[in-house]
Structure formats: structure tokens, C-alpha cells
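Have a go at each task before you read its solution.

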Amino acid sequence: MKIGAVETGRLSLVPLAVEHADEMAEVLSDPDLHAFIGGAPHSPQALRTRYERLVAGSPDPSRTWWNWVIRLREEKRLTGTVQATITAADLGCVAEVAWVVGTPWQHRGIATEAARGLVAWLREQGVRTIRAHIHPDHHASAAVAAAAGLAPTDHRHEGEIRWELPSPRSPADGL
């Protein structure tokens, strides 16, 4: 399946392209963005190489990578990314989602709006389970997850809390 753009009130979630690397290297250049996710900002060339891998798709046939850049339409500017890794499961597809917004655009509701748009789009695609893993001290990301409808669970993975959107019930599930 080829992904398309996802439109929200102020944003266009545009499918990731290698050509986004130069602008996104600037957007993601603040070392503070990596406090909870690790690593360091990528150079434009390193990000281009990473985007080439992401655009090529997962080498694991049981996984699909969907990646978008966040475009703030009013400013005609990229401001961050959202992503979903889709895996098949016994009870339907599971999406592991993540988001990041560059420091100059934080505290403007962009991550929340993008995450809500992503979650709604995934639901439209029939994804049953949507989850994110968030560092317990990353309060801003937890607030974004909550605003997108996800709730913390008791599951932990590499020190992070699993947040999950409850699966919709089907008539076959009973009451």
C-alpha cells in the first residue's frame, strides 16, 4: 500500500522523501531533541542516507514503515515527523507510532495535531491496535499521546512505558 498525504486543520503530513533531508536536518538539529530518544542530530547527508533506507521500506516482510514529514501549511515549512511501523498480529494490524517536532515549533500543538491526524488515518486503514513507547520523564510526549487517545499501560520496554489506544470492539467480540 502506498501512503498519501494526511491533512489536518493546520498541517499536511507529507509522505517522507529523500529530498526532505536537508530541511529536516535543520528542523531536527537541536541536541535537546535527543534527550529521551538517544543519539545526536544527523548531518544532511546522514539524514539523506537514513531517509533512503526508510523510503525503500522495511527489509522484514512482516513489517511496513510509514513515515511522513509534518508541514505547517501557513509557514510553508517542515516542522517534524510522524511515523508508524505496522506489523500483522493475530487480531489485526498493530501500529507502533512516534512523533518529533523541532524545537522552534514546540508548544504550538503541532505534535498533538499531527498525532491525532495519524491515529485517525491509521484507524481509517483498519489498524486495530495503536501504541507508542514513551520515556516516563518525557511529559510532553505523554501529553501528546493522551491527546491522541492513547493511555499508559503496565507494559515496559527498555525503560519506556507502552501507551496504547484501545482496540475498537467489533460485533463479533460480544459485550
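This is a predicted model, in which local features need pLDDT of at least 70, side-chain atom pairs count only at pLDDT 80 or more, and totals for chains, interfaces and linings use all residues. Residues are numbered from 1 along each chain as its sequence is written, and side-chain values use heavy atoms, leaving out hydrogens and water.

**Exercise 1.** Find what follows helix α2, and check the span of this helix.

*Solution.* Helices (H or I, at least four residues) are DSSP runs, numbered from the N terminus. Helix α2 covers residues 44–56, which is 13 residues. After α2 comes G57, with a positive phi near 100°.

**Exercise 2.** Which residues of α2 are buried, and what do they pack against?

*Solution.* Buried means under 20% relative accessible area, with a 1.4 Å probe and protein chains only. The buried residues are L47, Y51 and L54. Viewed down the axis of α2, they fall within an arc of 60° (taken from the directions from the helix axis to the C-beta atoms), so they line one face of the helix. In general, an α-helix has 3.6 residues a turn, so residues three or four places apart point the same way. The buried residues of α2 pack against α1 (21–27), β3 (63–72) and β4 (77–87), where contact means heavy atoms within 4.5 Å.

Technical notes. Helix = DSSP H or I, 4+ residues; strand = E, 2+ residues; numbered from the N terminus. Expected span 1.5 Å × (residues − 1). Buried < 20%, exposed > 50% of the residue type's maximum accessible area, 1.4 Å probe, protein only.
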